[in-house]
Amino acid sequence: MRLEHIVLHNLRRRKGRAIFLVIGLLIGVATVVTLLSLTDAMGQRAQHELENFGANIIITPRSDALALNYGGIQLAGVNLVAKELEQSSLANIDDIPNRRNVAMIAPKVLGAVEVDGQRIMLMGVDPAVEFKLKRWWSIAGRPVEQGHELLVGDAVVKRFNLNMGDTLKVNGQDFNVVGLLAKTGSQDDQLLIAPLDVAQASLGKTGQVSMVEIAALCHDCPVDDMVNQLQTVLPGTDVQAVQQVVKTRMHALGQFRLFAWGVAVTVVIIGALLVFVTMMGAISERTREIGIFRAIGYRRRHILHLVLMEATIVSALAGVLGYLTGVAATLVALPLLDGGKASWHWNPTLAVIAVFAAILVGLLASLQPAFRASRLEPSEALRAL
Amino acid sequence: MSLIELKQVNKRYHNGADCVTALQELNLAVNEGTFLGVMGPSGSGKSTLLSVLGCLTSPSSGTVWIDEIDVYGLSQEKQADFRREYLGFIFQSHNLIPYLNALENVMLPLAVSKLSSAEKRERACNMLKRVGLPDRMLHLPQQLSGGEQERVAIARSLVNNPPLLLADEPTGSLDSATSLQVMNLLSELHREGQTIIMVTHNRENLKWFDRTIYLRDGMIEKDSDGDGRSFSKAV
């Protein structure tokens, strides 16, 4: 016979109250677990999308001139001669400390070519990388792979009335049209796209690239640090982070996370109040019993021990059941919220935190009732005798 | 040396502007092995006296010595230890814990002791056998008769071998046959040397006491031995 036996017997006898307490805390824990799991899953999904969204760092040759276009509007009569980067220098990217954050490197060469007496922009790309980076491109036919193949932007298709399989003479060389790029609403509509080596040869820029797009894994990755590192290994270039995209997504996620925490804290406070009120009621109900304990020689700390141990057992049970309920709710809610794209991953840290947080909340909410019980004077408690 | 000595004990209860005097300048000495009966009308201070002796209610003034210990000079926690080691309580309404069986109720004072589980169990079993309930150990209080519950309460009060047993109307809610059983048991304990102080209204219990004090308005009106001889009077 120890104090634990008294606690367990009491819980068994007052099942209704114990179940009520467990359910109260369980709902709180389950809500917190659900919201945090959803945030986590959607965050991971957003990160994945971000990685697939495209480049978030752009490297261009350094130019002292300021840009003379805005929103696709070129200042008439002004034509800057583009500088180029040595393609071999891109190997230096492997030397940066955050190399593991670099998911894709997409070099491009750009230049004007003559087609039927008209000047059009030709872009040479690395097919192995470019089409993974531009996942939003919709192509009728197929992407270019090698040799004299062309993927044609929507505006060019319309200008020359092109079809799949047509041959187009570019700078005097024949190219096969293997793909038609659906309208993007961007400058891509104005392009002819060819494999990098072929475009370099056609433009007379062998071994040179006009710009490099880099996709960095940006969930908590130090983009600004990476920009500085790239700037160091690629002297003579301008390295710019496309921060707007990154920051917008991160801001949206941050807002959702904040909301989730706000709801979670509110629910936990309600749970704590429920425990507090129930435990206060229980202490009033057990005044006589506590008086007996005190009369037969239980110290105040023994009474504290009894009340807090009861709270610990109930809270731990609520923590475990709440976590499991939260996981179940997450599995049900995820397909509804994110179209089934996000997936749940077991997070042992969250499981441990859920149980310990439940115990902590239960104990904190029970502290005052426990102290009140321990401070009961035996004579006061036994006055009803 | 007396086991119990109360000197100039006063106890006043305040309720707003009202002040009720429950004990007035009370002096009392009780020797070891005495079976002391405390009688008196309602409101005479019997239960207050028992509470003061039981280290449950501190007196407004005066001193209470039990076994040469100034019990109200002890800290609250030491008073709890004192109650556990020196005192056994028997309440009128038994006050058993309803969700514990008879054996567990008897073991209750031992739950916070350092004895092994086996020792606690053995002591509680022996005590239940001692009060004649060897076959009711695993019964819950509500499965026991009033007399049996009282005997469990007596077993619980004795399981720590306390020098002093305090009983508040232990037969108050029992029929006469069961009361007789309980008084026989207490008398047997007394014969074995147990000091017992018992509050009662029932004059039939007088025959069991070897000393009786009569309280009125918080003072000892009459103090007599078992034969009814008055050997002190304090008013």
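1. Let's start with a helix pair in chain B. Helix α5 (residues 146-158) and helix α6 (residues 176-191) of chain B pack with their axes 9 Å apart, at an angle of about 20°. Axes here are lines fitted to C-alpha atoms, for helices over the stretch in contact, and angles run from 0 to 180 degrees between N-to-C directions. Angles under 35 degrees count as roughly parallel, and α5(B) and α6(B) are therefore roughly parallel to each other.

2. Before going on, please keep in mind that this is a predicted model, in which local features need pLDDT of at least 70, side-chain atom pairs count only at pLDDT 80 or more, and totals for chains, interfaces and linings use all residues. Residues are numbered from 1 along each chain as its sequence is written, and chains are lettered from A, with ligands numbered from 1, in the order in which they are written.

3. Which residues make the contact of α5(B) with α6(B)? From α5(B) come Gly146(B), Gly147(B), Glu150(B), Arg151(B) and Ile154(B), while α6(B) brings Thr178(B), Gln181(B), Val182(B) and Leu185(B). Two residues are in contact if their C-beta atoms, placed from the backbone, lie within 7 Å. The contact divides into three nonpolar, four polar and two charged residues. Ala, Val, Leu, Ile, Met, Phe, Trp, Tyr, Cys and Pro count as nonpolar, Asp, Glu, Lys and Arg as charged, and the others, Gly among them, as polar.

4. Now for chain B as a whole: six helices and 11 strands form its secondary structure. Helices (H or I, at least four residues) and strands (E, at least two) are DSSP runs, numbered from the N terminus. Of the 235 residues in chain B, 48% are buried. Buried means 20 or more other C-beta atoms within 10 Å of a residue's own, exposed 12 or fewer, and partly exposed in between, with C-beta atoms placed from the backbone.

5. The two chains also touch: 21 residues of chain A and 26 residues of chain B take part. On the chain B side, α2(B) gives the largest share, six residues. That side divides into 13 nonpolar, seven polar and six charged residues.

6. Finally, two backbone angles are worth a look. Most residues other than glycine have a negative phi. Asp116(A), however, has a positive phi of about 50°; Asp116(A) sits in the loop between β5 (102-115) and β6 (118-125) of chain A, and counts as exposed because it has 10 C-beta neighbours inside 10 Å. Glu25(B) also has a positive phi, near 40°, and belongs to strand β2 (residues 18-30) of chain B. With 15 C-beta neighbours inside 10 Å, Glu25(B) counts as partly exposed.

Key: Angles under 35 degrees count as roughly parallel, over 145 as roughly antiparallel, 65 to 115 as roughly perpendicular and the rest as oblique.
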